[in-house]
Amino acid sequence: MHPTLTIRILGAGVSGLAAAIALARDGHHVELIDESFDIPAVGTSIGLFGSAQRVLEDLGVLDAVRRRSAAPRAGSLRSGDGALLATAPAGDVLLAARSDLVRHLQDAVPGSVQQVRRRVDDVRPLRRGADLLLGADGVHSLVRRSGWGSRAAARSHGVTVLRGTAPLDPPDVSETWGRGWLFGMTPLAGGGTNWFACIGEHRTGSVAGDLAHLREVLGGRRPEIDAVLAAATPEQTLVHGIHTVPPVVPVKEHVALLGDAAHAMAPNLGHGANTALQDVGALAEALRAAGGGPEQRVRHALRSYALVRTLPDQSWRLASSAMMSLAMTARGASARDRLLRSLGTLSPASARAS
Ligand SMILES: Cc1cc2nc3c(=O)[nH]c(=O)nc-3n(C[C@H](O)[C@H](O)[C@H](O)COP(=O)(O)OP(=O)(O)OC[C@H]3O[C@@H](n4cnc5c(N)ncnc54)[C@H](O)[C@@H]3O)c2cc1C
């Protein structure tokens, strides 16, 4: 029988909640700290592929998440004027509202987990009395900055993202790539549209102003986009930047980083939550497999976690940045569209959808 560990987790987003469930079920003493355990008010979607679904299944929440997810069968990629560039099957992806995913994970947190609502400004006290500290505190992770230094801080991609939900069925399931902008729309479970847009950095100081600016930049390009933007409201819109973090090995002494804290990535391949959940599955498995006393067990498990997750996570991070550059290029847009159009004609699905 392995000794029980005392594990402190900073951050109760997707990765922190999932880690709390997995580790408490394995018998560890878990403390979960977040400045807010509130359910997000805006239900924008998160992509969950097969690997993340398997972790959710192990946590006992997959069925509940699946019931509240959309599962589009295919989507199209369009140029700024709406012309079809390519179609792609959606595979096994589930599109879940982040708010629903967080709610289902919160419901599954065992009663033994001590949940503490507070903002943390100093990581040092969190290490005292804990065998293991997990930094699941997102893109601007304090744990990361404290343990890995200011050079490991997040860097801006210099773009602004607006995401939201709108009360109309999506005119199509698509991503439109213009010159220096993109706009995507997907279905929400039960009806409605999840939409997202990426434009050059621009903030007005209010969501209403940012939405008005987006309508100015994208208005009149595609009727489908106009329809979604006409239905969008400031209350159901989020505005933020995109940040990435330099690559690091996500473990140090008795500290490990999970999810965005370890490898925040551009959203363009939809793998932020997916890789976060895979991190949790790998860390829980590594702790189960490691033997010895608490110290040795944590050391072995963190080494194994880093070996399993660093390369895949960093690959997704790099590929997501490359995809963002391709989608957002202004000067290379014509060459990009020509290339995608010729690739698109090779796909049997595109012939059916055009
Ligand atoms: C508001 C929001 C909306 C998002 N919407 C989408 C979306 O629509 N689609 C999509 O694909 N991805 C979205 N993401 C990103 C996605 O959630 C993450 O990429 C992925 O789920 C991994 O999350 P995480 O648990 O590692 O970090 P996060 O989800 O960022 O969670 C980090 C948690 O740490 C807490 N925290 C951080 N610092 C401190 C501190 N010092 N003290 C106390 N608590 C702290 C935060 O309150 C937060 O709950 C969103 C993220 C956020 C925060």
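The legends below describe close-up views of a predicted model.

**View 1. Residues around the ligand.** The ligand is surrounded by 25 residues, and the closest are S15, D34, T44, S45 and R98. By type, the shell holds nine nonpolar, eight polar and eight charged residues. Helix α10 gives the largest share, three residues.

**View 2. Polar atoms facing the ligand.** R98 places a polar side-chain atom 2.8 Å from an oxygen atom of the ligand. The backbone also takes part: a polar backbone atom of V14 is 3.1 Å from a ligand oxygen, and a backbone N or O atom of E35 lies 3.2 Å from a ligand nitrogen. Alone, the ligand would expose 950 Å², of which the protein buries 79%. Elements giving two or more residues to the shell are α1 (14–25), β3 (45–48) and α10 (272–289).

**View 3. The salt bridge between R288 and D26.** This pair has its closest N and O atoms 2.8 Å apart. R288 is partly exposed at 40% relative accessible area, and D26 is partly exposed at 33%.

**View 4. The salt bridge between D38 and R117.** The N to O distance here is 3.2 Å. D38 sits in the loop between β2 and β3 and R117 in strand β8 (residues 114–117), 79 residues apart. D38 is exposed, with a relative accessible area of 52%.

**View 5. The salt bridge between D121 and R119.** The closest N and O atoms of this pair are 3.3 Å apart. D121 is exposed at 60% relative accessibility, and R119 is exposed at 53%.

Definitions and conventions
Residues numbered from 1 in each chain as written. Predicted model: local features only at pLDDT ≥ 70, side-chain atom pairs only at ≥ 80, totals over all residues. Heavy atoms only, no water. Near = heavy atom within 4 Å. Polar contact = N/O pair within 3.5 Å; in protein donor to acceptor, adjacent residues only side chain to side chain. Areas by Shrake-Rupley, 256 points an atom, 1.4 Å probe, with all protein chains shown as cover. Helix = DSSP H or I, 4+ residues; strand = E, 2+ residues; numbered from the N terminus. Nonpolar A, V, L, I, M, F, W, Y, C, P; charged D, E, K, R; others polar. Salt bridge = Lys/Arg side-chain N within 4 Å of Asp/Glu carboxyl O. Buried < 20%, exposed > 50% of the residue type's maximum accessible area, 1.4 Å probe, protein only.
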